[in-house]
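Visitor: Could you take me in for a close look at one helix and then show me what surrounds the buried parts of this model? I'd like one connected tour.

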Amino acid sequence: MSDWVDACAEDEIDAEDVIRFDHGERTFAIYRSPDDAYYCTDGLCTHEQVHLADGLVMDHIIECPKHNGQFDYRDGAPKRVPVCEALGTYPTKVENGRVLIRIG
Amino acid sequence: MKDYTLTGESSRHAVESGLAAAEWYHSDIPRKEMKELMRRSDGPATRDTLLWLGLLVLFAGIGIALWPSWWSAPFWLAYGVLYGSSGDSRWHECGHGTAFKTPWKNDVVYQIASFMMIRNPVSWRWSHARHHTDTVIVGRDPEIGLMRPPVLRRVALNTVGLHDTWFSLKRMIYNASGRIHPEEATYIPESEWPKVIRVARVWTAIYAATIGLALWMGSILPLMVIGLPRLYGAWHHIMTGVLQHAGLAENVVDHRLNSRTVHMNPISRFIYWNMHYHVEHHMFPMVPYHKLPELHEKIKDDLPAPNPSIPQAYAELWPVLKRQFRNEEYYLRRELPPTARPYREDFHERALGIPAQ
């Protein structure tokens, strides 16, 4: 059984930006990098459960809108306190202009 | 008096009632505009920092050259404000990491300003994160400046830095002895504790060396440069800082109710690095200080009218504080313009006290 989920159209996300994607009870953040690659992480900051989709993407960094903690959204690694715990990350692919994420 | 400690009954109540780490009200701004507002640049903060550090060196240099004549006094007063008050705003902005685009520039200025204000750069980063999570939530916010009933003696002492500096020095020595205070342990992760202790030990050594130099010279001049300006220059950051939240609502989840924006003169704006846009800063802490005027213009129709000046803000605040001596539930309820989205009465009703008439 495939766990790939259709999340959005490619052009729904600007380059160097992020959108929120809710699926069932879960929430995710989907990123488009400056070089037009797509990435997906958990949607909430590991520090205080704030939606990262309201934050700022700078190159490959997402900054939380509440406390300015930072993650590398490619691997979820924490890059600036107050975040210490990594984000979960999920594979993505693009098919027929749609961004799919595997969240199994 | 209410329990403002972070480990008491108020703290438990805040967690149980859902006030802790709650979702807060935000004015609507289109994503594209918000991205532009949040975008970082080095230009304004580099200019302001060169000016700030240049003036510090200039005023200290003239003060030293004229020492011990009383002619040096005005230069020490100017140096003191740039040290003991601008240090506060630089600590704040660079702690958020928003002042500069380049991370190391934020970090360098943050370390300098933290030292000036005697605020452990590790502990206070976490304390301020909590202040933004739980702004003026009793039992959760470690940075509530004016509690109810107001402790004006503390504010008066702090205009010359005495209360906070005494506390900071005690805490610095406590941390330097290898210990983390139980209240600090509620908001600083254990993995960060060694850093807190290391900084406290380095600073203790610097202050000891400064005091040693003063004793060796038989003069307080070294302390006029390091340490004492935290006292004689503190008045401006207390004057502006009190206005951030004092007299307004506690235990609400809308910064329009618990924070105050006050228009100020250009010199105070430079010293305070635009934190007079305090509602805007709390609502959108990722917006750099130099973009706050632009943010204010975009959302002002959704906010209470700013106080037009510092004296007017104090004239509004003083009667509220006097009344809080008799009734600690009293607060100033800020009126919204007709264009604003209303307060969420349903959510606040339970937590709010008696509104001002």
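This is a predicted model: local features need pLDDT of at least 70, side-chain atom pairs count only at pLDDT 80 or more; totals for chains, interfaces and linings use all residues.

Guide: Let's start just past the end of helix H13 of chain B, where B:Gly247 takes a positive phi of about 80°. Step back into the helix itself, residues 235-245 of chain B, and you'll find it mostly covered, with nine of its eleven residues buried. The buried ones in H13(B) are B:His236, B:His237 and B:Ile238, then B:Thr240, B:Gly241, B:Val242, B:Leu243, B:Gln244 and B:His245.

Now for the cores. The largest nonpolar core has 95 residues, and those with the most contacts inside it are A:Val18, A:Ala29, A:Ile30, A:Tyr31 and A:Ile62. On the chain B side, helix H6 (residues 103-117) gives the most to this core, with six residues. Domain 1 (13-39 + 233-357) and domain 2 (46-133 + 162-227) of chain B both give residues to this core, so it lies between them. As for A:Ala29, if you skip its neighbours within four places in sequence, its contacts are A:Val18, A:Arg20, A:Thr41, A:Gly43, A:Leu52, A:Ala53 and A:Ile62. Apart from the 95-residue core lies another, of six residues, including B:Ala14, B:Val136, B:Val138 and B:Ile144.

Last stop, the place where the chains meet. Chain A puts twelve residues into the contact and chain B puts in 15 residues. On the side of chain A that touches chain B, the residues split into five nonpolar, three polar and four charged.

Definitions and conventions
Residues are numbered from 1 along each chain as its sequence is written. Chains are lettered from A and ligands numbered from 1 in the order in which they are written. A nonpolar core is a set of buried Ala, Val, Leu, Ile, Met, Phe, Trp, Tyr and Cys residues joined through C-beta atoms within 7 Å. A residue is buried if 20 or more other C-beta atoms lie within 10 Å of its own, exposed if 12 or fewer, and partly exposed in between; C-beta atoms are placed from the backbone. Helices (H or I, at least four residues) and strands (E, at least two) are DSSP runs, numbered from the N terminus. Domain bounds come from an automatic or database domain assignment. Two residues are in contact if their C-beta atoms, placed from the backbone, lie within 7 Å. Ala, Val, Leu, Ile, Met, Phe, Trp, Tyr, Cys and Pro count as nonpolar, Asp, Glu, Lys and Arg as charged, and the others, Gly among them, as polar.
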